[in-house]
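Hello,

Here is the structure I promised to hand over. Please open it first, then read my notes below.

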Amino acid sequence: MSEPARTPGEWGRVVRFLAMGVVNVAINYAIFALLILAGTAPAIALAAGTVVSVAVNYGVGGRLVFGNRGLARVPHFLGAYALTYGVNVLGLRGLAQIGVEPLLGQLLMIPPVVALTYLLLRLFVFRAPRS
């Protein structure tokens, strides 16, 4: 089976998400790295970066990427980020068990966590109304 065609609007949404994500990931990783280098446990360092991401992304990402305005989707948004945080922590722990240091581990976790985040936001948080 072939993949369903994406509308130009969907590709634009993906591009806006990735562009915004580059900035978000850079800030999140900088916070994570600084805290790791200061001796903070990886899960706590990751939580600090995630809190900043959530604070910025709901307003900026929700509006610019998904056209959302208002606060009605906040509970869904927080749930999506709680899930991605959990997946990220589990991934970091798994990588640590095979000897991967936290800074490299977090870099390796960025692609799957970004993909999961987009899917959760698109399908469950900012889903298009059914017609």
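**What I found**

Gln 106 sits in helix 4. Helices here are DSSP runs of H or I with at least four residues, numbered from the N terminus. This is a predicted model, where local features need pLDDT of at least 70 and side-chain atom pairs count only at pLDDT 80 or more, while totals for chains, interfaces and linings use all residues. Residues are numbered from 1 along each chain as its sequence is written, and side-chain values use heavy atoms, with hydrogens and water left out.

Back to Gln 106. Is this residue buried or exposed? Gln 106 is buried, because its relative accessible area is 6%. Buried means under 20% relative accessible area, exposed means over 50%, and partly exposed is in between (1.4 Å probe, protein chains only). Which residues does Gln 106 touch? Leaving out residues up to four places away in sequence, they are Tyr 29, Phe 32, Leu 46, Asn 88 and Leu 92. Contact means heavy atoms within 4.5 Å.

Ala 115 is also in helix 4. Ala 115 has a relative accessible area of 41%, so it counts as partly exposed.

**Helix 3 and helix 4**

In general, two packed helices are described by the angle between their axes and the distance between the axes. The axes of helix 3 and helix 4 cross at roughly 155 degrees and come within 9 Å. Axes are lines fitted to C-alpha atoms, for helices over the stretch in contact, and angles run from 0 to 180 degrees between N-to-C directions. Helix 3 is therefore roughly antiparallel to helix 4. The cut-offs are under 35 degrees for roughly parallel, over 145 for roughly antiparallel, 65 to 115 for roughly perpendicular, and oblique for the rest.

The crossing of helix 3 and helix 4 is right-handed. By class, the contact of helix 3 with helix 4 has 16 nonpolar, seven polar and no charged residues. Ala, Val, Leu, Ile, Met, Phe, Trp, Tyr, Cys and Pro count as nonpolar; Asp, Glu, Lys and Arg as charged; the others, Gly among them, as polar.

Now look at the loop between helix 3 and helix 4, where you will find Val 100. Val 100 is buried, with a relative accessible area of 19%. Val 100 touches Leu 95, Gly 105 and Leu 108, not counting residues up to four places away in sequence.

**Helix 2 and helix 3**

Helix 2 and helix 3 pack with their axes 10 Å apart, at an angle of about 150 degrees. They are therefore roughly antiparallel to each other. Their crossing is right-handed. Among the residues making the contact are Ala 47, Thr 50 and Tyr 58 of helix 2, and Tyr 81, Tyr 85 and Leu 92 of helix 3. The contact of helix 2 with helix 3 has 12 nonpolar, four polar and one charged residues.

Thr 50 lies in helix 2, which covers residues 42–64. Thr 50 counts as buried, because its relative accessibility is 14%. Ala 47 is found in helix 2 too. Ala 47 is partly exposed, with a relative accessible area of 26%.

**The nonpolar cores**

In soluble globular proteins, nonpolar side chains tend to be buried together. The largest nonpolar core here has 15 residues, and Phe 17, Phe 66, Phe 77, Leu 121, Val 125 and Phe 126 touch the most other members. Such a core is a set of buried Ala, Val, Leu, Ile, Met, Phe, Trp, Tyr and Cys residues joined through side-chain atoms within 4.5 Å. Helix 1 (8–37), helix 2, helix 3 (74–97) and helix 4 (102–125) each give two or more residues to this core. Which of the helices gives the most? Helix 4 does, with four residues. Another core, of 10 residues, lies apart from this one, and includes Val 89, Leu 92, Leu 95 and Val 113.

Best wishes

Terms used. Left-handed = near helix turned anticlockwise from the far one by under 90°.
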